Structure formats: C-alpha cells, structure tokens
Amino acid sequence: MTKFNLNAITFGAEYTDKDSQMDGYPQFENAIKDRFESMVKAGVKLFRTDATGIYDLFLSNLPAYARQHYTCNACRHFFERFGSLVTIDDEGIVNSVLWDEYAVPAFFVNAVKAMRREVLTSKVTGVFLSDVKTLGIPKTGEWTHPHVCLPRESVHRSRIENAGQAMAKKQEEFGMVSRALRDFSMDTVDKALALVNSESLYRGDDKVKPTLEWFKGLIEKVEAVNNSVLRANVIWSAIASAPNGFAHIRGNTSGALLKDIEEGMPTSLIVSRFGDRMSTYMRSQSAPSENTIYQAEKLVADLGIENSLARRYAKREEVPTFWNPKAVVKVEPKQPNGRVFGHLLAQSKTAETMNLPTSVMTWDKFSRTVLPTADGIEVLVDNPNKFMALVTAVDETAENILQWDNPTSWYYHGGIDAEMKRRVEEAGGRYEDNEIRVSLMWEGLTDLDLHCVTPRGEELYYHHKRGRCGGFLDLDMNGIDKHSHTPVENVRWTSDAPQGRYKFFVHNYNEKVNGFNGTPFKVEMEINGQVYHYEGLPLRERGKVTVFEFDYVKGQQPVISGTQSSPSEAWNVQTNSFVKVNGITTSPNLWNAEPVTHAGTHIFFLLDGVKDLSEGKGRGFFNEMLKPELRQIRKTLELFTANTPIEDAEEATACGVGYSKDQEWNLTVKVTSGNSSRVIKIDRWD
C-alpha cells in the first residue's frame, strides 16, 4: 500500500507516504512478485495449508508506529487468501511461494520471517486452483497492493466446474488414494503388473497399466519418506498432477483387479473376472433420475454440444488409411490398324496366378514384410463378433465430444453380446452354465415380455415363471417386477431340459416409449454353448412374434425354424467367405499427432459391402470414449444413445472387421502381389 493514510497517527505525528517509501514498500511488493514468478513456473502445482492469521502476523511484526499505516482490507484479503500457499517437492518438503526474508527490505524482514515460519510449520490441506489469472487486487484508487499473476497454463479453465468445485474433488481424491495405499501392498501391485505384461488380461495394457504404474510410483515415493506429514504431502503432490481417473483407483477396474489379487483368488478367476468387467467398462449401472436428466440437459446447453450428440456411419473417404488396394489398370481395346484382327488383344503371357502355400505370422511381421507389396487383400469372414463400424458426427462443425482430436468412434458387434451378459448378470439372472438359455433385451420403459411354450405344453411367462419342466423365467422387467431403461428378460434351464418342441415368442404388452412405431429388440439363445441371435423389428403394442421354434434332442444342436437372423446377415455379408479389403486403418484414437493410447490399439480392415443394417442404437458412442467433463452425465448420455439410431446406415462404407493388440487374432487373409496369391493366417499382434 503506497498512498498516504490520513488516519495513520503515531505519537502525535503522522506516518506519511514518504515514510513508507523510505521503508522500501515498493521493493517489498516487487520482492513478492519476483518470489512468486521464480517459484511458480508453468505446470507447478500450488497447495493450500491450514496456516491462519497471516496478515495479523505481518502487522504485529512491523514497528508499532507503522502498523496503522499498513492496515488495509485489500492487503488483508491477499495475505489471508494467498499468503499460506506452498509448493511441494518430490520428498514432500513444502516451500512458501510468497515469503523470503532474504529478498525484502530490512523494514519487512521480521514480518516476512514470521509469516514464512507459520506457513512452513503448517499442514497441507488441499490443492489450490484459481479461475482467474491475477491473485489479489492490484490497485484501489491511488493505492497499490500486493498481487501476483499465475502462468496462463495454470489458470483453471473448465465450463463444467469452477475452481472451488475442482478443489473439493481433489479433496475427495486424497481420501480415496490414502485408503488405496492402506489397502494394497507393493507386492499386490507388482503381481497385477506382471499379469498385464503377460498379456493375460483383455485390454490390460491400455486400460489399467498406466494407472497401476502411476500407483506403484506413488507407493515408492511414499515409502521413501520417513514421517506422516511428508507422506501426506507426497500424496497431495500426486493428486494434483494425476491423470483423469487415476486417483479413483479403488473404484475402477484397476482397483477391482488389485482387490482380487489381494484376496488370493486363483489367476484363472482373476483373468475371467477382469474380462467381464472390461466388457461393461464405464457403463452406467442404473437409469438416470428426472433431475439427473434435467441437469444433463442444462450442462449440454451450457456447453453448446446439442448438435455433437447426433451420430452417423462414416464413409471410406473420411478415414485415413495406411494401406489401400492397388488400382486396377483397365486396358482399352486396340484401335484398328488396317489388319483384319488388329483390334484383338493377345493373351497375356503372365495371366496365370501362382498360389503359394499357407503361412502363419504375427501382424507385426505381416505389416513389415507383406503389406508393403500387397496389391490386393481379402479377409475370411468367420467370426461375426469381429464385425466393426466407424461412426462420426452428423454435424461436422459441432464441437467434438470425444477424448481424441477427431469426432470418429467405433464399435464391435461382439459388444452387443457382452451387453446382454452384463444386463442379465447385473439384474441377478443366470447367464452362464445353462443347458438352454434365451435372453431378451430392448431399450426404454416399454413392457416387452418373453414367453416360452415348453415340450410339455406349459407356457413360461410373467404369471408363470417357474415351470414343472425345470424352466425358469428368472428376470421379468417393466411389468410388475423391476423397471429399467435398459431392460432384460431371461428364461433358462440349468440342466435336464426336456426333449421336444420349444417355441419362444416376444409380446409387446404395453408400449410406453415409441407410440405407434413400436419397439425393436434383440434375442440371444444359447443351447449347449452354441449361440443364436434374433434381431427383432419394431414390435407394436399387443403385437407378438415368434423368435425361435425348434425340436430339441439332447446332445444335438437343433434345426431352428422361424425368421431368426445371424450376425453375418445383419452385417450384409456371408460368413466363411473371403471379402475384399478396401483399406486398412487404426482405431480413431490413434489418428492424430497425439494418440490417446489408453483407449486401445486396434487395426480395422474396411471390407467391401459390409455394413450394419440394424439401427445401431446404443453404439453411437460409449462413455469411456467421452471427454472427462461429460462423464458426470454419463447415465443420461447412455440413455440418449440407447434410444437414438445411428444415421445413414445404407451409405456406410467404413465397416469391416477389427482386431485388438490385446487379444488373439486368428485372422485368415488372402494376399495378391503381382501374379502370386498366398493365404496367410495372422495369429496375434506380435
């Protein structure tokens, strides 16, 4: 504060502005700025402490005759709000970002020393964030006051939450990580990483390895310091810079893996449970409430991303590919040259194609040694679960909602089966280890019912769930039992299913969502491990449709009559046939200069004529692909995409089959190079 204070009277004399100039007050202000700028470079994290009474310490350690002159509300605000801020080094030692008694004029040395001592002996209580660049009030009228400026990169910028809300979340994360450090030992983390590195865990390399490595590094830092205060400071430092979601380790898939290992489960069970979790990664566990939907609508409006949610199928020309088939040069007939047969083409001397023997190799070797010289490639379509489609934004100008720098996402057909399993098991039904199982799923609160007429003439449905024949409708939804926006029903025989004719049909008992248009559905039937699918067209209220009808003989797979569709038919391709590859690309999270590797590493073969002819509901985007700030409304977004078709299915030309770095491939391809052709089996990534 540099302006003369008319109320500053000591021993009958005024303490003037000239006196404060002689005290070195302007140099004091500059010393504070210089100290802050030297300590707080771009990327440096700041922390709050429980130091109190900073401004009173300042005043009480000035000469008595000058205290009234330095009494100022703007200065008090700065000292109390920002005077207790510190940085934390790798060993947990704190340092004041404002106070250095060796850099200020002599008049202020005692005051600064007292404030610094108070700050350095206090306890770190949280991460500090600010929505504004300037901390403090630079000037009021003719008065100047202490103030500092954050580096531009350090200012908290979010349209989702303000700095106060973000600091509160960091507070919660500190508790989460502290409990995780108590729950999981270094030995457990090492075992988890060993499992990941052995490639035994589906998508373990990209989904949990980064989190586990971060957590292991934190354990090492915590164990390297020798008292509880420093350990807490090390945790705070880690929380401040942790990538999104890492601090939630106890509640994510990494924590579930660590818990299974800590409890001593067999490795085979750990691997199986991990795969089940990954199939439902970031899926909402319940439907959103009306208030949740309202808040989500408000947030979407605030962000201006209403147009970003509509999705359509991508086209081949929109996809960056690293391999394309060689263009076929069309030879035009020769023009007559005066000879009778001058316009005829002689047979090419190299017309015959030489077929080379089948070989087995990894994708890594194939991409290095075969792909560069391949003129054409065909893929043997023999695994419908590998069907994939690329999806992008309808509005090209809309703001991107995905984590990576392009609006394109993807889905696998196999994810549909995983969704059925997730719904059945989460609702308490039995999905595995059945002799016969038929499961029905749809979207919304419409009341669809699954019925079965058994070989003994019984009808299993919501009024007669357990039959004398051993059959059991263990899940019924949106009628008199459970209600859900993501419903499922399940009929099963665990064993001793009677032989004879079975008839399964679906009944739209009460249409609550789609009016006259009706509700589409999917049915999955498993008999002795063999899975069959039925893609149901929209079924109107009171409508019924038979989905499976067959004669069952134990030990045999039935001949099924009816209108069931196989996954390959839904994708416009015949299984066990070779299909031309129109291009090869990676998953969209790897397309840009800064790839988002934790979203997975996939290779997609875009196939000629392949497209998903279903509505694509539930697959426009997935929660795990969205920007972190949208995950707080994930229930509503999941409900939105579950009820919204993907547009332009007929125009889709960027569909095909996909393979992940983390799973076996067993892909058979036919490669043509020049006049030679060979069949190659790609068994794995590398």
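Predicted model: local features only at pLDDT ≥ 70, side-chain atom pairs only at ≥ 80, totals over all residues.
The structure holds 26 of them.

Arginine 422 has 5% relative accessibility and counts as buried, because the cut-off for burial is under 20%. Glutamate 426, at 40%, is partly exposed.

Arginine 501 takes part in salt bridges with glutamate 549 and with aspartate 551. The contact with glutamate 549 is 3.2 Å, N to O. Arginine 501 lies in strand S21 (residues 500–510) and glutamate 549 in strand S24 (residues 544–552), so this pair ties together parts that are 48 residues apart in sequence. In the contact with aspartate 551, the closest N and O atoms are 3.0 Å apart. Aspartate 551 also lies in strand S24, so its pairing with arginine 501 in strand S21 ties together parts that are 50 residues apart in sequence.

Accessibility was computed for each of these residues. Arginine 501 is partly exposed, at 38% relative accessibility. Glutamate 549 is partly exposed at 22%. Aspartate 551 is partly exposed at 42%.

A network of salt bridges also occurs in the model. It links Arg312, Glu318 and Glu396.

Methods. Residues numbered from 1 in each chain as written. Heavy atoms only, no water. Salt bridge = Lys/Arg side-chain N within 4 Å of Asp/Glu carboxyl O. Buried < 20%, exposed > 50% of the residue type's maximum accessible area, 1.4 Å probe, protein only. Helix = DSSP H or I, 4+ residues; strand = E, 2+ residues; numbered from the N terminus.
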